[in-house]
Amino acid sequence: MPELLDQITEEDFSYILKNPWKFSTYEWKLYNVHNEKTAFDTLMEQFELSRKDGFSKIFRTPNKLPLLILMAVKTSDTALHCYLVASRHMEENNQALKVTFEMRKILEEQSYNYKGCTLVVYSQSKETDKQMSWLRFLGLKYMPEGNVGNSRYFEYESRVEV
């Protein structure tokens, strides 16, 4: 079973970027080695912002390797922007399914902390249909009117009344 923790290090981000899940490879453009530094810098910047006003969680494999990092940064009084990056370990032993159920719980729990807020996710994927199904399963709703270029726009509305 993956372990969920709050303590995330720079090494965790580096590890995941060097050992990306197939969806992370495309999302963060890691098929081009020159994009690894840009992805790392972006993730570190967003991580610092998530610690100030938002949330961040890391899932680890049973042997403590970074599996997935989920972050949300508050961008306004009513919106949070979500960042997600996962390692190749998502393919092992049905980790993706286990993590998915945990992420659904996290989003529901966080909706109590951010009442009235919308969590925004932009997604780029070669396998759009699979990723759209996965994001819908997490509780996000596809809103094509918010698409920007190749990025698909999804929202998670708080289930908690203001």
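Hi everyone, let me start at the surface: Leu97, Phe101 and Phe137 form a nonpolar patch with about 290 Å² of accessible area together. A patch here takes residues with over 30% relative accessible area and no salt bridge, joining nonpolar side chains (Val, Leu, Ile, Met, Phe, Trp, Tyr) within 5 Å and like charges within 9 Å. Areas are Shrake-Rupley values with a 1.4 Å probe, and for residues only the protein chains shown count as cover.

Some housekeeping. This is a predicted model, where local features need pLDDT of at least 70, side-chain atom pairs count only at pLDDT 80 or more, and totals for chains, interfaces and linings use all residues. Residues are numbered from 1 along each chain as its sequence is written, and side-chain values use heavy atoms, leaving out hydrogens and water.

Back to Phe137, which sits in helix 5 (residues 128-138); helices (H or I, at least four residues) and strands (E, at least two) are DSSP runs numbered from the N terminus. Phe137 counts as partly exposed because its relative accessibility is 34%, given that buried means under 20%, exposed over 50%, and partly exposed in between.

Now, salt bridges: a side-chain nitrogen of Lys or Arg within 4 Å of a carboxyl oxygen of Asp or Glu. There are six in the structure. One of them joins Asp12 and Arg60, at 2.7 Å from N to O. Asp12 is in helix 1 (residues 10-18) and Arg60 in strand 2 (residues 54-60), so this pair ties together parts 48 residues apart in sequence. Both Asp12 and Arg60 are buried.

Finally, Glu102 bridges to Lys105 at 3.2 Å between the closest N and O atoms. Glu102 is buried at 18%, while Lys105 is partly exposed at 45%.

Definitions and conventions
Buried means under 20% relative accessible area, exposed over 50%, partly exposed in between (1.4 Å probe, protein chains only).
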